[in-house]
Amino acid sequence: MLRKLRKYTQAGTALLKQNGHTLQLSTVNCQLSTVKCQLTKMKTLLPDFEATRQFGIALGRSLPPGTVILLQGDLGAGKTTLVQGIAAGLGISESVESPTFTLINEYFAGRIPLYHLDLYRLEPEEAEALHLESYWDGLERDLGIVAIEWPERLLYKPENYLQISLSYLDSGRQIEVMGTGDLSDWEWEN
């Protein structure tokens, strides 16, 4: 979807309508010495639980294998609800629960695997000791979608990821999606 939306703006911000929701899209290009990056940011309002779930379903239908999603938001902001929607979009019918105590839940019954990680109870050094890169480097596990709650516990981030931030508003939840690296150019099938 971001590729489709980006064709409407070369720089700056655009407001567009998508399935009854207003989306705000911003594209930022930067070059620092030899490091190049493109950040594409989208903002929308999700008025209720079902809208959050539907957004997740759209993500699950369109994200490619190897996608890492860094989920940010307060307790109860809707991170797990979003992951439940992603699972449904992948065709996973089993119950998806927050891995708060198990740390990692793996689901293999969809079009690609879903790895759901919750780092809330870990210190950054403990998260590093888990060698979580094995979930996104494709060497030890099949590539799938890796959804990480509380990613600020990571000492390092993967090169390519979607950062999804959920926050409360009086009228529902605001969701901000920012893609980096290869994921600044993904398409959302809705």
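Where is threonine 102 found? Threonine 102 belongs to the loop between helix H3 (79–90) and E5. Keep that spot in mind while we look around the rest of this chain, which is a predicted model.

Let's start with the overall plan. The chain has 4 helices and 9 strands, and as you follow the sequence they come in the pattern α-β-β-β-α-β-α-β-β-α-β-β-β. Of the 190 residues in the chain, 47% are buried. Among the contacts with a separation of 6 or more, 59% are made by residues 24 or more positions apart.

Now pick out helix H2, which runs through residues 49–62. H2 has 14 residues and spans 20 Å from its first C-alpha to its last, close to the 20 Å expected at 1.5 Å a residue. At the start of this helix, a side-chain oxygen of aspartate 48 comes within 3.3 Å of the backbone nitrogen of glutamate 50. Several residues of H2 are buried, including Ala51, Phe55, Ile57, Leu59 and Ser62. As a general point, an α-helix has 3.6 residues a turn, so residues three or four places apart point the same way.

Let's return to threonine 102. Is this residue buried or exposed? Its relative accessibility is 54%, and because the cut-off for exposed is over 50%, threonine 102 counts as exposed. Leucine 117 lies 15 residues away from threonine 102 along the chain, and the C-alpha atoms of the two are separated by 8.7 Å.

Next comes asparagine 105, which has its place in strand E5 (residues 104–107). Asparagine 105 has a relative accessibility of 16%, so it counts as buried, since buried means under 20%. What does its side chain reach at 3.0 Å? The answer is the backbone oxygen of glutamate 97. The side chain of asparagine 105 also makes a polar contact, at 3.4 Å, with the side chain of tyrosine 107. Leaving aside neighbours within four places in sequence, asparagine 105 is in contact with Glu97, Ser98, Pro99, Leu114, Tyr115 and His116.

Tyr115 in that list leads us to the aromatic rings. How many aromatic pairs does a search of the whole structure find? There are 3. Tyrosine 115 and tyrosine 135 form an edge-to-face pair, with 5.0 Å from centre to centre and 65° between the planes. Tyrosine 115 lies in strand E6 (residues 114–118), whereas tyrosine 135 lies in the loop between helix H4 (124–129) and strand E7 (145–149), so this pair ties together parts that are 20 residues apart in sequence. Both tyrosine 115 and tyrosine 135 are buried.

Another pair joins tyrosine 120 and tryptophan 150: the ring centres are 4.9 Å apart and the planes are at 50°, so the pair is tilted. Tyrosine 120 is in the loop between E6 and H4, and tryptophan 150 is in the loop between E7 and strand E8 (161–169), so the parts tied together here are 30 residues apart in sequence. Tyrosine 120 is partly exposed, with a relative accessible area of 31%, while tryptophan 150 is buried at 12%.

Finally, look once more at tyrosine 135. Ring pairs link Phe108, Tyr115 and Tyr135 into a cluster. The charged end of arginine 141 sits over the ring of tyrosine 135, 3.9 Å from its centre.

Methods:
Residues are numbered from 1 along each chain as its sequence is written. This is a predicted model: local features need pLDDT of at least 70, side-chain atom pairs count only at pLDDT 80 or more; totals for chains, interfaces and linings use all residues. Side-chain values use heavy atoms; hydrogens and water are left out. Helices (H or I, at least four residues) and strands (E, at least two) are DSSP runs, numbered from the N terminus. The expected span of a helix is 1.5 Å times one less than its number of residues. Buried means under 20% relative accessible area, exposed over 50%, partly exposed in between (1.4 Å probe, protein chains only). A polar contact is a pair of N or O atoms within 3.5 Å; within protein, one must be able to donate a hydrogen and the other to accept it, and residues adjacent in sequence count only if both atoms are side-chain atoms. Contact means heavy atoms within 4.5 Å. Rings of Phe, Tyr and Trp (its six-membered ring) pair if their centres lie within 6.5 Å; planes under 30 degrees apart count as stacked, over 60 as edge-to-face and the rest as tilted. A charge sits over a ring if NZ of Lys or CZ of Arg is within 6 Å of the ring centre and within 35 degrees of the ring normal.
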